[in-house]
Amino acid sequence: MSKIDLTALATEARNPRTTELDALSTLDLVTAMNDEDRTVADAVQRELPRIAAAVDAIAARMHKGGRLFYVGAGTSGRLGVLDAVECPPTFSATTEQVQGLIAGGAGAFLQAVEGAEDSTTLGPDDLRARHVGSKDVVVGIAASGRTPYVLGALAYAKSVGALTVAVCCNAGSPVAAAAELPIEVVTGPEVLTGSTRLKAGTATKLVLNMLSTGAFVRLNKVYGNLMVDVQTTNAKLKARAVRIVAEAVACNETLAQQLLGQCDGEVKAAIVVGRKRVAPAVARTLLLTHDGSVRDALAAP
């Protein structure tokens with residue numbers, strides 16, 4: 001692998017506003033960080049049309065049974081894994097539906113695996129092991145836009161017909177060029193030179209939030225701004241389900257619990273039963289007929 005010229009990367013440049021970082025008072029130090037963080041949302045805003053296009057494309061593939069894969073190394077890989085593991089409890093997604101792959105394997109989430117990100121073969125190997133194909137979406141995440149692991153993964157994904165998306169924090173990068181739908185959130189020099197876990201990491205998290213949340217909204221996992229496909233796997237989520245039903249039906253929590261009991265804990269069905277005064281079986285049929293959309297099921301005669 002040829003040596004990467006870091007001087008060409010905005011994320012590796014020295015920030016002229018923080019050259020005296022170590023000499024600042026603690027309050028001034030965190031103020032400087034906060035000032036830099038304020039620029040991240042604006043950088044993401046400039047890419048919203050591309051992010052929206054990616055959301056629609058991801059949802060279309062997933063609607064047909066495709067899966068979403070995040071692929072990255074280091075901080076980028078960890079952020080992908082983080083977003084993926086939150087999808088099952090939030091949207092009742094299966095663990096197969098959204099997966100995060102990090103260079104070096106699962107152990108690399110907690111401890112760096114030296115050299116893994118420099119391999120162009122490990123990415124294809126990881127995707128091949130999961131039988132990635134033409135129905136799937138592979139999102140390559142690389143703050144630098146040059147990570148070999150990600151480049152290899154995107155090349156393999158494209159070769160098997162998967163949709164490829166890139167999330168990078170430098171303009172005109174090889175990773176962006178390797179993807180059909182590139183998203184380049186240019187966050188500029190970091191407060192601490194080269195530490196892309198900072199602004200670049202924050203920007204990446206914001207984009208991944210939009211990709212997964214937006215896709216599942218399009219897949220009818222949300223009613224209004226309520227997570228109506230929440231998995232009630234612990235006390236907090238069970239209490240949240242009760243509040244969601246109470247809010248959607250405009251009833252008290254006692255009735256909401258009764259509705260959930262009638263519907264075996266299914267939040268969507270409980271809402272339809274409560275709002276339309278129908279039996280649980282009818283509610284489930286309405287939801288099935290309307291592709292899981294609570295809104296359309298409630299509007300149906």
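In this predicted model, helix 1 and helix 7 run oblique to each other. Their axes, taken over residues 26-45 for helix 1 and residues 199-218 for helix 7, come within 9 Å and cross at roughly 40°. The crossing of this pair is right-handed. On the helix 1 side, the contact is built from Glu 36, Asp 37, Thr 39, Val 40 and Val 44, and these meet Lys 199, Thr 202, Ala 203, Leu 206, Val 207 and Met 210 of helix 7. Sorted by class, the contact of helix 1 with helix 7 comprises six nonpolar, two polar and three charged residues.

Phe 91, by contrast, is 92 residues from Ile 183 along the chain, and the C-alpha atoms of the two are separated by 24 Å.

A further helix pair is found at residues 235-249 (helix 8) and 253-262 (helix 9), whose axes come within 8 Å and cross at roughly 105°. Helix 8 is therefore roughly perpendicular to helix 9. Here Ala 241, Val 242, Arg 243, Val 245, Ala 246 and Val 249 of helix 8 meet Glu 253, Ala 256, Gln 257, Leu 259 and Leu 260 of helix 9. The residues of this contact divide into eight nonpolar, one polar and two charged.

Notes. Residues are numbered from 1 along each chain as its sequence is written. This is a predicted model: local features need pLDDT of at least 70, side-chain atom pairs count only at pLDDT 80 or more; totals for chains, interfaces and linings use all residues. Side-chain values use heavy atoms; hydrogens and water are left out. Axes are lines fitted to C-alpha atoms, for helices over the stretch in contact, and angles run from 0 to 180 degrees between N-to-C directions. Helices (H or I, at least four residues) and strands (E, at least two) are DSSP runs, numbered from the N terminus. Angles under 35 degrees count as roughly parallel, over 145 as roughly antiparallel, 65 to 115 as roughly perpendicular and the rest as oblique. Contact means heavy atoms within 4.5 Å. Ala, Val, Leu, Ile, Met, Phe, Trp, Tyr, Cys and Pro count as nonpolar, Asp, Glu, Lys and Arg as charged, and the others, Gly among them, as polar. A crossing is left-handed if the near helix is turned anticlockwise from the far one by less than a right angle, and right-handed if clockwise.
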